[in-house]
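Thanks for coming. I will go through one structure, helix by helix, and keep to what can be computed from it.

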Amino acid sequence: MEWWWAYLAIGVMAGFLAGLFGIGGGMVMVPMLVFVFTAKGFPAENMMHLSLATSMATIVFTSLSSVRAHHKHDAVDWPVARAMAPGIVAGALAASLVAGYVPTRPLAIFFTGFMFYAATQMFFQAKPKPSRQLPGAPGLFGAGAVIGGFSSALAAGGAFLSIPFLAWCNVPLKRAIGTAAANGFPIAVAGTTGYVLNGLRVPGLPDGCLGYVYLPALAIIVAASMPLAPVGARFAHRLPVRRLRAVFALMLFALGLRMLANLW
């Protein structure tokens, strides 16, 4: 617990940026947790797994707060969210179980690739053009499985995949954002479950772990991030968010490269 201040700073930053930009905190939390866990001397072969799992577990709590806010504004398309949920759970659970068997370096490269994709999307303000309608139940199950799988492997809430998919299917942007927030909860629960089950078979993990989830970091990050998300949302209406998104995208590029260098 001598690193409580670092977890507190990670939670404050992740919560504020999540509210300001409407993103999940995984892209910020994972590389920062890698830095802290490296400084603490955690096993190098489990570094990415511990960081991904702990970040994913925080989304279980933060997604509840987010979806409640969107539901109050009638911004969640619950029939679509329910149709996608079984696929999301299957994909997220399978991906987190598989990720436990992937070595740290390939997992870090995969995660960094996603960070660069997300940063590029933010920098250029890329938005898909609505060009089709929502598919039926099998199509939504398949889309949910893909979104859940990638999101779980990357410790992301799924917004960077869910929102473009829903917008592409002619769902209005506000409802796409609210529905993506609702998707975040089953992604987080299924993904965290997989990381916990996978970590239980691994010997030599640090004290305080439940599977791959490092509980002291989880508790402090959640406590710090949840109050800061509404603050970030309020600032989103006062600050030049478009310009800040470009700056944040460049920061993501730097964080991703620094994390790779740290693990190499």
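I start with a term: a residue is buried when its relative accessible area is under 20%, exposed when over 50%, and partly exposed in between, using a 1.4 Å probe and protein chains only. What you see is a predicted model, in which local features need pLDDT of at least 70, side-chain atom pairs count only at pLDDT 80 or more, and totals for chains, interfaces and linings use all residues. Residues are numbered from 1 along each chain as its sequence is written, and side-chain values use heavy atoms, with hydrogens and water left out.

Helices here are DSSP runs of H or I with at least four residues, numbered from the N terminus. After α7 comes Asn170, with a positive phi near 70°.

Next is α8. Asn183 sits in this helix, and it counts as buried because its relative accessibility is 1%. Contact means heavy atoms within 4.5 Å. Apart from neighbours within four places in sequence, Asn183 contacts Ala81, Met84, Ile88 and Ser162.

Now the packing of α8 with other helices. Axes are lines fitted to C-alpha atoms, for helices over the stretch in contact, and angles run from 0 to 180 degrees between N-to-C directions. Helix α3 (residues 47-72) packs on α8 (residues 173-199) at about 150°, and the axes are 8 Å apart. That makes the pair roughly antiparallel, since angles over 145 degrees get that label, under 35 roughly parallel, 65 to 115 roughly perpendicular and the rest oblique. The contact includes Leu52, Met56 and Val60 of α3, and Ile177, Ala181 and Phe185 of α8.

Which α8 residues meet α6? They are Ile187, Gly191 and Tyr195, and on the α6 side Ile147, Gly148, Ser151, Ser152 and Ala153. The angle between α6 and α8 is about 55°, with axes 9 Å apart, which means α6 is oblique to α8.

Last, the core. A nonpolar core is a set of buried Ala, Val, Leu, Ile, Met, Phe, Trp, Tyr and Cys residues joined through side-chain atoms within 4.5 Å. The largest one has 68 residues, and Tyr7, Phe37 and Met48 have the most contacts inside it.

Terms used. Helices (H or I, at least four residues) and strands (E, at least two) are DSSP runs, numbered from the N terminus.
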